[in-house]
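Work through the exercises below with the sequence and the 3D structure open. Each task is followed by a solution in steps.

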Amino acid sequence: HPPMAAGSAPGAGVGPGRRIGVFGGTFDPPHVGHLVPALFVAEALALDVVLLVVANVPWQKVGSRPISPARDRLDMVRAAVDGVDVLEASDLEIRRGGDTFTVDTIAELRSQGPDDDLVLILGSDAASGLDTWERPDELRRTCRLAVVERPGEPVSVPDGFRHVTVPVPQLDVSSTALRDRAAAGLSLRYLVPDGAVAILERRRLYR
Ligand code: ATP
Ligand code: MG
């Protein structure tokens, strides 16, 4: 995969297509269970970049728990990927606003880069629920999937999705468990990158 010309914007739609991983999430907070799979999928599929796309309003979670402001979640993801070239925080869904539908994100990236190869990266818990997402048949047509197994969640993908499974270390960690630890005054160190820990502590996000 030839490198992009210097100065060309991501997804500018000029030159050869890029191989782009799209890893959406609430990232409240981001943790090793997001970052290690993102890197492993980038390596396994020779992706040029993995976008960690911060959900604006994760509508399937609203009402079941408080969601930190999108800005705080974006800042934590930016800090988490700082210095790692292949991982990039994306505010595309935040800029679009409203409820977050992955199918709209894929469409937006497709229009920005008609020749790009878009790979939607999902943990197995998310993959098994794809048919509950917005416009799943459009999603079937417009991207392929890279699925990573999550502990206790065997990989199962609804029919009709083009997909591969990428082996990753099994990391039994979730943002929910980390929010609970933070609320109890326990350390998140080593499970959340230092820069992101500094932000959530300074802003007292889960206290
Ligand atoms: P929460 O507990 O708040 O739901 P989470 O840890 O599940 O948070 P999300 O932001 O919901 O994180 O997940 C974003 C994406 O990352 C999903 O595709 C999810 O399956 C995947 N993911 C999250 N944690 C892991 C993990 N430990 N291993 C592999 N994939 C993961
Ligand atoms: Mg989750």
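**Exercise 1. The site**

Which pocket is the space taken by ligand 1? State also the volume of that pocket and what lines it.

Solution. Note at the outset that the model is predicted.
- Step 1: ligand 1 takes up the space of the largest pocket.
- Step 2: the volume of the largest pocket is about 1000 Å³.
- Step 3: its lining is made of 46 residues, and those closest to the centre are Gly 24, Gly 25, Lys 61, Asp 125 and Ala 126.
- Step 4: two or more lining residues come from each of strand 1, helix 1, helix 4 (102–112), strand 4, helix 5 and helix 7.
- Step 5: sorted by class, the lining holds 20 nonpolar, 17 polar and nine charged residues.

**Exercise 2. The shell around the ligand**

Find how many residues surround ligand 1, then sort them by class and by element.

Solution. 
- Step 1: with a cut-off of 4 Å between heavy atoms, the count of residues around ligand 1 is 22.
- Step 2: the closest of these are Lys 61, Asp 125, Arg 150, Ser 175 and Thr 176.
- Step 3: the shell splits into ten polar, seven nonpolar and five charged residues.
- Step 4: at least two shell residues are supplied by each of strand 1 (19–25), helix 1 (32–44), strand 4 (117–123), helix 5 (124–128) and helix 7 (175–183).

**Exercise 3. Backbone contacts and cover**

Solution. 
- Step 1: on its own, ligand 1 has 600 Å² of accessible area, and the protein covers 92% of that.

**Exercise 4. Backbone geometry in a loop**

Where is Phe 27 placed, and what is its phi? Examine the peptide bond from Asp 28 to Pro 29 as well.

Solution. 
- Step 1: Phe 27 belongs to the loop between strand 1 and helix 1.
- Step 2: its phi is positive, about 55°, although Phe 27 is not a glycine.
- Step 3: Pro 29 also lies in the loop between strand 1 and helix 1.
- Step 4: the bond from Asp 28 to Pro 29 is cis, and omega is near 5°.

Conventions: Residues numbered from 1 in each chain as written. Chains lettered and ligands numbered in written order. Predicted model: local features only at pLDDT ≥ 70, side-chain atom pairs only at ≥ 80, totals over all residues. Heavy atoms only, no water. Areas by Shrake-Rupley, 256 points an atom, 1.4 Å probe, with all protein chains shown as cover. 1 Å grid on protein atoms, 1.4 Å probe; cavity = no way out; pocket = protein on both sides within 12 Å on 5 of 7 lines; lining within 4 Å. Sits in = over half its atoms within 2 Å of the grid points. Helix = DSSP H or I, 4+ residues; strand = E, 2+ residues; numbered from the N terminus. Nonpolar A, V, L, I, M, F, W, Y, C, P; charged D, E, K, R; others polar. Points joined across faces, edges and corners; volume = space filled by probe spheres on them.
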